[in-house]
Every structure is written in C-alpha cells, then in structure tokens.
Amino acid sequence: MQKLVYATALALCLSTTPVRAAEPIDAARIARHIEVLASDAFEGRAPASAGEAKTVAYLIEQFRAAGVQPGGDLKNGTRAWTQDVPLARFAIDGPVQVSAGGEAWTQGEQVALRASQTGARRLDLKDAPLVFAGYGVKADEKGWDDFKGMDLKGKVILVLVNDPDFETGVGDFGGKAMTYYGRWTYKYEEAARQGAAGVLVIHETAPAAYGWATVKNSNTAELFDIIRDDPTKAHAPLEGWIQRDAAAALLRKDGLDYEALKTQARSRDFRPVALPGVSLSASFAVNATTVISKNVVGVLPGRRRPEERVIYTAHWDHLGVGGADATGDRIYNGAADNASGVGALLELARVFASGPRPDRSLVFLAVTAEEKGLLGTEYYAANPLYPLGTTVADLNMDGMNLIGLTRDVTMSGDAPLTLQDDLVKLAAERGLSFSPDPNPEAGSFYRSDHFPLAKRGVPAISFGAGQDLVEGGLAAGKAASDDYIRERYHQPADEFDPKWDLRGLSQEVGLFYELGRRLANSSVWPEWKTGAEFKAERDKTAAMRR
C-alpha cells in the first residue's frame with residue numbers, strides 16, 4: 001500500500017491546469033469496478049472466504065468481457081483463468097491470555113499478537129524471560145550484530161522498528177531510507193533464526209510509518225503464509241507488536257530507560273539487555289488449516305514477439321471482516337486499497353484488447369494475499385506461469401489517485417533501474433515532474449507486489465501520483481495523505497466515495513498505459529543499473545534475452 005500515502009487522500013480540488021489525456025482511459029468504468037469490489041457484498045475480499053469467491057468470479061467475468069485470454073494454470077493443455085496459490089491459514093481460536101511484568105494485558109491494546117505460524121495448535125508461554133535486542137539486526141556484511149551470541153532459546157525479544165539509522169538519518173544502513181533490515185518481516189525471520197521463543201516489535205508511528213490501528217487490525221486478523229517444509233525456520237512461536245508506552249513501562253520496572261536504550265541501539269557496539277525483573281506469559285489456541293487461494297490472470301498475446309511479456313499487477317485482496325470501528329462497521333472494504341488498482345488493471349486490459357495488438361505479450365495479473373505478506377506475487381515469482389528471464393517488466397498498481405490532479409509523479413522507494421528513467425522521461429513529456437519517494441524511511445520498495453519479482457531480477461516498480469497538488473501544493477498533499485493513513489488506511493472507513501474527482505485517476509492510469517504500451521512495442525530490455533541489489537540475479541538469465 002505504499003502509494004496510498006501519496007495519492008488516495010488528495011484534497012478535493014478543481015483544476016485549471018491542462019493535462020494531456022490522450023489515452024482512451026475511462027475513469028468512470030474504473031470507479032464502477034471499485035464500487036462493486038468494495039461493496040459490503042464482497043465482505044472485504046479476504047483470501048479463502050466467500051468474498052474471494054465473488055471477487056475471482058467478477059474478475060474472470062470482466063477479463064472475459066474485456067477481450068483478453070485466460071493466462072493461468074495449464075490444465076489438459078489449456079490455460080485456466082486462475083493460478084492456484086496454496087497457503088497455510090492461521091487464526092487465533094478463542095480468547096488470548098497475555099500478561100507481562102505482573103500486569104494482565106488486553107489483545108489489541110498493549111499488544112497485537114499474531115496467530116502462531118509454526119503449525120502448533122496452541123501457544124503456551126509461561127514466565128518467558130524478556131530481552132531488549134535493539135533493532136534485532138544481524139547484518140554480517142555491515143559488521144552489525146545486535147545479538148552478540150546471546151542464547152535466546154525460551155526468551156522473548158523486544159526489538160525496535162525500522163533501521164538503526166532512522167533517528168539520525170546517517171549510518172551504516174543508508175540513512176533515512178529503510179532497508180529490508182528495518183521491515184518487521186525481517187525481524188520475525190531473524191528472531192526465528194536466533195531460536196527465540198518470541199519477538200515483539202515496539203510500535204512507534206513515525207518509524208513504522210503507520211499508526212497503532214493499522215497494526216492492530218492487520219495482526220490480530222487471520223494470517224496466511226506460503227506452505228513451508230519447516231515453518232519454525234521462518235517463524236518464532238510468538239510474533240507480534242507492543243505499544244511503545246507498554247514497552248517503556250516494562251523497561252522501567254527493571255530500572256531501564258527506553259530512550260537511553262534506543263540511543264545505545266544505534267551503535268554496532270550495542271549488546272542485548274536482559275530484563276531479569278520482568279517476564280511475559282501468553283496463551284491461546286490456533287486454528288491452522290491449508291487453503292487454495294487464486295491469482296487471476298488474463299493475457300493478450302503479442303503479434304511479433306509473444307514470448308516476451310510485460311506484466312501489470314494489482315492485488316485484489318483486502319482484510320475481510322474484522323474488529324468493529326467506532327461506528328460498529330466490521331467490513332474492511334478496501335476501496336482505495338486496492339479495489340482501485342484492480343479497477344485500473346481491468347480497464348487497462350479492456351483498452352489494450354480493443355486497440356492495436358502490441359509486439360510483445362501483455363499479462364494482467366490480479367494477485368491474492370498481498371495484505372498477508374505479498375504471498376500471491378511471491379508464489380507467482382517462485383512458480384512463474386511465464387519465464388521470468390523473458391519478462392520485460394512488472395508495473396504494479398496499489399492505491400490509485402482518486403481525488404484530483406497532481407503536478408508530479410513518484411516512486412515507491414528508489415528503483416535503480418532504466419525503467420525508472422523511462423518513467424521520468426514520460427512524465428516530463430506530459431509536463432509532470434518526478435519527485436523521489438517523499439517517505440523513504442517507510443521502506444515502500446519492500447512493501448508492495450513488485451518486490452517478489454524485483455528480488456528475482458525482474459525490472460519491477462510501483463509508481464503513481466505524487467503529492468504536489470494542482471491546488472494546494474505539497475503542504476496540502478502531505479496533510480491529506482497523513483489524514484488518509486490516520487483515518488482510513490486498513491480501517492473500515494476505506495469505502496467507495498461517489499464524490500471522488502476521477503480526473504487524477506485518468507491522469508495516473510494514462511501513465512501506466514503509455515509506459516506499458518511503449519515497453520510492449522519496443523525491443524529494448526529495461527536493466528538494473530550497476531551496483532543495484534538485484535542486478536546479479538537478472539544477469540543470470542541474460543542469455544534468454546539475446
């Protein structure tokens with residue numbers, strides 16, 4: 001959802017600035033798709049739910065009506081509309097009992113504990129020792145180890161969110177821009193590698209890039225994972241988040257100061273700090289099952305080089321039905337996140353299918369389980385329907401501009417790709433400037449569906465409208481995006497709004513159309529630049545592109 005913070009809460013405005021809109025993008029059609037997909041009838045589009053069945057059926061119907069062909073699993077020599085995505089599903093079954101430092105806590109208030117993903121049917125931790133482990137990072141290439149050989153078996157670690165550089169903006173982790181070491185997913189993985197009984201990420205809004213409501217709603221719901229031979233290698237028995245004030249209170253009981261420990265944790269000389277005076281207990285049952293979710297895939301074969309493919313991606317899933325908000329609403333409709341991206345995907349399929357056939361093939365991939373950890377795209381990338389070596393690029397759409405025109409475009413993170421250069425040039429042709437990711441500390445590059453393909457070498461980006469509003473400028477754009485994160489992101493309030501100004505949607509989807517059209521009619525292969533993290537992986541398949 002990285003781009004929602006830039007685009008979906010833009011202030012309502014009337015533009016007097018002419019903006020080129022030559023593409024036959026029908027924003028009203030996209031809005032109708034959003035209205036359907038984000039309606040209560042689709043129950044928040046959770047994977048492996050009645051909402052998934054309705055969503056998949058709708059996507060197939062609309063792809064067929066658009067005029068594209070089925071592009072999913074091969075069955076008896078024929079492509080289906082879907083790719084099966086086997087997933088493990090985990091949900092807490094019944095009440096959660098949790099206490100620390102002699103005080104009983106409430107699930108969703110002091111902590112947001114996740115259903116255990118180890119395959120165990122029950123979690124029972126009794127008086128587990130606590131350890132403050134800094135940022136929970138072990139980066140050998142940087143000479144950084146927050147654990148210093150401490151035996152963590154049977155212990156629960158408390159770790160800071162983001163990177164050691166976040167507070168100062170300088171250091172070994174690239175400054176303010178988050179690396180993968182700052183992501184909560186990495187911290188869970190590292191805790192499992194260290195043999196810890198549990199890990200709680202300490203929540204603070206600025207370094208996390210979202211508030212506690214988002215953490216609570218995302219982590220206390222049912223969870224999904226790919227099928228693993230040994231899930232304990234990726235997951236500690238207890239995983240979750242803890243409020244900053246609750247963590248600070250625990251540390252005070254042991255005579256420790258939270259802010260002082262944060263400062264110490266910025267140094268590679270930091271050593272983990274045991275809390276002998278406090279412990280944590282947690283107990284709950286887990287319902288663990290295996291399900292089959294679906295990616296939905298449409299293709300438009302190229303007329304000259306059909307074996308070369310440009311992919312458009314958007315995730316169709318959201319959070320389903322969960323805890324009620326202050327109004328009693330329990331359906332997390334996910335209108336901006338990401339019915340808007342799926343609506344754009346369907347419109348692009350229609351426009352391409354009704355126009356001249358491009359030289360290269362186009363793949364329209366609506367993926368499942370993004371909200372559960374990019375799992376639909378992760379499965380596709382690990383089990384590609386079409387070779388990754390001859391995949392030209394992935395253009396991902398996640399949270400479209402629903403309320404007005406901007407003067408700029410932006411990127412989720414910094415992509416050291418010639419593909420990003422192509423986007424900058426295209427934007428300039430339309431009188432739009434390029435603004436680097438205004439919130440690099442959020443780690444947006446690692447948080448959307450382009451990433452599983454990017455880390456396997458495919459040139460892949462998520463981009464969209466920037467924050468420089470035609471009316472109101474950067475200040476208004478920043479205020480509006482902050483409001484979206486606070487009031488609607490991953491909350492039931494993310495609903496269809498008939499008052500949306502759809503001109504910004506036409507502007508943004510027009511950029512996606514034109515960039516994809518140029519790629520699909522070119523013989524050029526976008527490349528990672530020298531020194532880029534994933535260039536070596538792409539280079540392994542260079543022979544396929546000669």
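Reply: Let us begin with a term: a pocket is an open set of grid points with protein on both sides within 12 Å along at least five of seven lines. Please bear in mind that this is a predicted model.

Me: How much space lies in the largest pocket?

Reply: The general idea is that rolling a probe the size of a water molecule over the atoms shows where empty space is left. Here, the largest pocket holds about 900 Å³ of space. Its lining comprises 38 residues, and the closest to the centre of the pocket are Trp 184, Thr 185, Lys 372, Gly 373 and Leu 374.

Me: Which element gives the most to the lining of the largest pocket, and what classes of residue does the lining have?

Reply: Helix 4 gives the most, with 5 residues. At least two lining residues each come from helix 4 (184-193), helix 6 (212-219), strand 12 (223-226), helix 10 (375-382) and helix 12 (451-454). By class, the lining of this pocket has 17 nonpolar, 8 polar and 13 charged residues.

Me: How many cavities of 30 Å³ or more does the structure hold?

Reply: There are 3 such cavities. The second largest cavity contains about 50 Å³ of space. Its lining is formed by Tyr 135, Leu 160, Val 161, Phe 166, Glu 167, Ile 202, Glu 204, Pro 207 and Lys 262. By class, 6 of these are nonpolar, none is polar and 3 are charged.

Me: Which residues does a cis peptide bond join?

Reply: The cis peptide bond joins Asp 337 and Asn 338, with omega at about 0°. Asn 338 lies in helix 9.

Me: How are helix 7 and helix 8 arranged: roughly parallel or roughly perpendicular?

Reply: Helix 7 (residues 244-253) and helix 8 (residues 258-265) pack at an angle of about 95°, with 9 Å between their axes. The two helices are therefore roughly perpendicular to each other. Arg 244, Ala 248 and Leu 251 of helix 7 make the contact with Tyr 258, Glu 259 and Leu 261 of helix 8. By class, the contact has 4 nonpolar, no polar and 2 charged residues.

Me: Why is the pair of Tyr 180 and Tyr 446 called tilted?

Reply: A pair of aromatic rings is described by the distance of the centres and the angle of the planes. The count comes to 24 aromatic pairs in this structure. The rings of Tyr 180 and Tyr 446 have centres 5.9 Å apart and planes at 55°, so the pair is tilted. This pair links distant parts of the chain, 266 residues apart. Tyr 180 is in the loop between strand 10 (156-160) and helix 4, and Tyr 446 is in the loop between strand 21 (433-435) and helix 12.

Conventions: Residues are numbered from 1 along each chain as its sequence is written. This is a predicted model: local features need pLDDT of at least 70, side-chain atom pairs count only at pLDDT 80 or more; totals for chains, interfaces and linings use all residues. Side-chain values use heavy atoms; hydrogens and water are left out. Axes are lines fitted to C-alpha atoms, for helices over the stretch in contact, and angles run from 0 to 180 degrees between N-to-C directions. Helices (H or I, at least four residues) and strands (E, at least two) are DSSP runs, numbered from the N terminus. Angles under 35 degrees count as roughly parallel, over 145 as roughly antiparallel, 65 to 115 as roughly perpendicular and the rest as oblique. Contact means heavy atoms within 4.5 Å. Ala, Val, Leu, Ile, Met, Phe, Trp, Tyr, Cys and Pro count as nonpolar, Asp, Glu, Lys and Arg as charged, and the others, Gly among them, as polar. On a 1 Å grid over the protein atoms alone, a cavity is a set of points where a 1.4 Å probe fits but cannot get out, and a pocket is an open set with protein on both sides within 12 Å along at least five of seven lines; lining residues have an atom within 4 Å of a point. Grid points are joined across faces, edges and corners, and a volume is the space filled by probe spheres set on the points. Rings of Phe, Tyr and Trp (its six-membered ring) pair if their centres lie within 6.5 Å; planes under 30 degrees apart count as stacked, over 60 as edge-to-face and the rest as tilted.
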